[in-house]
Amino acid sequence: MKKSGMALLLGSALLVAAANDPMAEKVKIQNQRVVAAAAKALNEDLPKRVDPYTKLVKIEGKGETLRYVFEIDAGPKSDEAVKKEGEARMQRNVTAGVCRSSMRFLKSGITIVYDYLSAHTKRPLFHIVVDEKRCRPY
């Protein structure tokens with residue numbers, strides 16, 4: 001019991017130290033600036049067709065998160081059919097792609113979100129969040 005109490009105390013002390021670390025705050029501010037600048041620059045060329053079914057419509061930077069918003073035109077397929085048929089594949093493929101192409105962002109503490117909406121209904125189809133932890137299997 002004493003060991004687990006000591007581990008909890010040390011863990012809490014490390015969290016407090018990290019929270020009070022001026023360097024951590026500087027990194028956070030730098031990340032926020034990078035995210036805002038990236039979103040601004042990348043939005044200049046949008047909307048952009050990605051493939052015959054997908055269009056990148058906007059990129060948002062908020063805090064330490066860079067959010068890509070896509071629209072999928074799946075023709076006559078219902079939103080539910082698109083979700084059922086593609087969710088696992090999209091999660092796997094997008095995560096692997098982001099991990100390969102954006103590891104530098106992820107290692108610095110930036111999170112990348114891919115949101116896919118139906119082009120017809122504008123309802124959410126897929127919401128994929130990628131951070132450094134999610135890239136470990138890739």
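The link between Cys99 and Cys135 is left-handed, with -85 degrees about the S-S bond. In this predicted model, local features need pLDDT of at least 70 and side-chain atom pairs count only at pLDDT 80 or more, while totals for chains, interfaces and linings use all residues. Residues are numbered from 1 along each chain as its sequence is written, and side-chain values use heavy atoms, with hydrogens and water left out.

The S to S distance between Cys99 and Cys135 is 1.9 Å, and one disulfide is counted under the rule applied (a pair of cysteine sulfur atoms within 2.5 Å). Cys99 belongs to helix α3 (residues 79–101) and Cys135 to the segment after β5 (124–130), so the pair ties together parts that are 36 residues apart in sequence. Helices (H or I, at least four residues) and strands (E, at least two) are DSSP runs, numbered from the N terminus. Cys99 is buried, at a relative accessible area of 5%, and Cys135 is buried with a value of 5%; buried denotes under 20% relative accessible area, exposed over 50%, and partly exposed in between (1.4 Å probe, protein chains only).

The largest nonpolar core contains 25 residues, and those with the most contacts inside it are Tyr68, Tyr114, Tyr116, Phe126 and Ile128. Two or more residues each come to this core from α2, β2, β3 (65–72), α3, β4 (111–118) and β5. Helix α3 gives the most, with five residues. Such a core is a set of buried Ala, Val, Leu, Ile, Met, Phe, Trp, Tyr and Cys residues joined through side-chain atoms within 4.5 Å.

Apart from neighbours within four places in sequence, Tyr116 is in contact (heavy atoms within 4.5 Å) with Thr54, Phe70, Ile72, Met90, Val94, Arg123, Pro124, Leu125, Phe126 and Ile128. Thr54 is located in strand β2 (residues 54–62) and is buried at 9% relative accessibility. Residues up to four places away in sequence again being excluded, Thr54 touches Lys48, Arg49, Phe70, Glu71, Ile72 and Tyr116.

Asn31 lies in helix α2 (residues 22–43) and is buried, with a relative accessible area of 4%. The side chains of Asn31 and Glu64 are joined by a polar contact of 2.8 Å. A polar contact is a pair of N or O atoms within 3.5 Å; within protein, one must be able to donate a hydrogen and the other to accept it, and residues adjacent in sequence count only if both atoms are side-chain atoms. Beyond residues up to four places away in sequence, Asn31 touches Gly63, Glu64, Ser108, Gly109 and Ile110.
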